[in-house]
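Biologist: Could you show me the structure and talk me through it?
Modeller: Here it is.

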Amino acid sequence: MARNMAHILHILVISLSYSFLFVSSSSQDSQSLYHNSQPTSSKPNLLVLPVQEDASTGLHWANIHKRTPLMQVPLLLDLNGKHLWVTCSQHYSSSTYQAPFCHSTQCSRANTHQCFTCTDSTTTRPGCHNNTCGLLSSNPVTQESGLGELAQDVLAIHSTHGSKLGPMVKVPQFLFSCAPSFLAQKGLPNNVQGALGLGQAPISLQNQLFSHFGLKRQFSVCLSRYSTSNGAILFGDINDPNNNNYIHNSLDVLHDLVYTPLTISKQGEYFIQVNAIRVNKHLVIPTKNPFISPSSTSYHGSGEIGGALITTTHPYTVLSHSIFEVFTQVFANNMPKQAQVKAVGPFGLCYDSRKISGGAPSVDLILDKNDAVWRISSENFMVQAQDGVSCLGFVDGGVHARAGIALGAHHLEENLVVFDLERSRVGFNSNSLKSYGKTCSNLFDLNNP
Ligand SMILES: *[C@@H]1O[C@H](CO)[C@@H](O)[C@H](O)[C@H]1NC(C)=O
């Protein structure tokens with residue numbers, strides 16, 4: 001009986017995968033599907049990096065496995081960072097560390113043409129050699145930057161095996177920056193020693209993984225709201241019928257993804273277009289509101305386009321001052337007046353939790369086409385700032401905000417957000433995973449094999 005059920009389920013999953021394939025990826029013919037199904041291939045198709053929320057900063061970090069022998073290095077997740085940087089003046093011990101000479105191919109790959117001189121010390125150590133390449137890294141929280149040495153060493157990451165987490169696979173000559181230690185001293189979660197950049201840049205983490213393993217240029221981010229459980233970043237095509245085995249019990253989550261065009265700024269940052277924010281039935285920002293155009297001239301696109309930066313280095317969504325003012329006003333009009341209490345920083349609008357049991361208005365981002373809607377669940381926009389005080393989780397970015405809207409980590413939590421670089425689009429669940437009875441920590445297997 002159980003065997004029969006398993007068999008039926010198996011057939012069901014296979015037929016679902018097939019039908020899904022034909023719906024979503026017409027470019028892949030059945031021939032290549034058949035070929036991909038062979039379990040003999042040792043090349044990984046999908047890589048997994050577990051990530052965790054830091055309760056005190058609200059930012060997310062991951063343990064990266066590096067060096068020889070392999071050790072775990074905790075790093076901040078920086079969606080728009082250019083490369084991986086880590087402070088390595090202390091406790092860096094690895095038999096495979098190398099610092100390429102300046103003007104070498106590695107340096108041109110990293111797009112650095114600066115020769116580095118280390119005056120800190122007369123003896124060489126990781127991060128301190130002469131005639132290597134200088135690579136500027138920045139702390140995305142404090143905005144400080146520091147020149148380090150371009151380095152290469154082993155990096156290891158989990159592969160997947162069917163629906164399970166698989167063995168680790170290695171990139172033997174992973175390029176990163178050995179940054180000065182002051183860079184990690186402020187703003188980062190405790191013990192975090194650097195940042196892993198996933199921006200659009202030559203040696204960002206995902207680009208090195210894609211080229212080393214020949215993966216489809218796509219990564220997906222699922223951030224857990226709970227610091228006690230892991231979320232993950234998946235590198236590779238989650239819609240590949242082989243890979244969606246890994247998300248086997250959640251094909252509906254994949255199937256329901258809504259896509260919106262992705263724009264990449266000159267600095268390699270990820271933007272989507274937001275035409276308006278809707279609170280219940282009220283449109284806050286009309287399409288051509290001049291406020292919504294990003295303040296930066298580096299933004300690719302016409303000034304009319306509402307560019308929303310997606311970021312993981314702000315815990316909450318940051319609105320430029322004018323958008324913030326209008327939005328909080330409209331939101332307040334849709335909440336009971338008598339429930340409002342004195343605001344708790346960094347928020348501007350707070351409520352007595354007991355007096356808002358009736359719930360909050362719906363908040364939707366209206367994207368490029370007016371039918372592409374990202375509904376923000378109240379768990380993603382309300383924040384318990386203190387005992388008994390719930391605040392609207394948006395922050396006033398002032399008049400010089402980097403972008404009209406910068407969607408922060410809290411906004412992305414408990415949603416599967418797909419950065420499809422091949423097709424220049426971002427996929428997301430227009431409702432949070434909760435509506436599927438799922439969380440980022442149980443969407444896929446994150447337990448060590
Ligand atoms: C690098 O060269 C400078 C002189 O240009 C010297 O003072 C320094 O000690 C050298 N550093 C190392 C690590 O050899």
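Modeller: By class, 15 nonpolar, 15 polar and four charged residues line the largest pocket. Here Ala, Val, Leu, Ile, Met, Phe, Trp, Tyr, Cys and Pro count as nonpolar, Asp, Glu, Lys and Arg as charged, and the others, Gly among them, as polar.

Biologist: What kind of model is this?
Modeller: This is a predicted model, where local features need pLDDT of at least 70, side-chain atom pairs count only at pLDDT 80 or more, and totals for chains, interfaces and linings use all residues. Residues are numbered from 1 along each chain as its sequence is written, and side-chain values use heavy atoms, with hydrogens and water left out.

Biologist: How much space lies in the largest pocket?
Modeller: About 880 Å³. A pocket is an open set of points on a 1 Å grid over the protein atoms alone, where a 1.4 Å probe fits, with protein on both sides within 12 Å along at least five of seven lines; lining residues have an atom within 4 Å of a point. The volume is the space filled by probe spheres set on the points, which are joined across faces, edges and corners.

Biologist: Which residues are the closest to its centre?
Modeller: Of the 34 lining residues, those are N80, G81, K82, S138 and E269.

Biologist: And which element gives the most to the lining?
Modeller: Strand 6, with four residues. Strands are DSSP runs of E with at least two residues, and helices are runs of H or I with at least four, both numbered from the N terminus.

Biologist: Now the ligand. What surrounds it?
Modeller: T117, C118, S121, T122, T123, T124, C128 and N130 surround the ligand, each with a heavy atom within 4 Å of it. That shell has two nonpolar, six polar and no charged residues.

Biologist: Which polar contacts are there?
Modeller: Among them, an oxygen atom of the ligand is 2.3 Å from an N or O atom in the side chain of N130. A nitrogen atom of the ligand is 3.0 Å from a polar backbone atom of C118. A polar contact is a pair of N or O atoms within 3.5 Å.

Biologist: Where are the cis peptide bonds?
Modeller: One joins T68 and P69, with omega about -5 degrees. P69 lies in the loop between strand 2 (60–66) and strand 3 (71–78). Another runs from G345 to P346, with omega near 5 degrees.

How values were computed. Polar contact = N/O pair within 3.5 Å; in protein donor to acceptor, adjacent residues only side chain to side chain.
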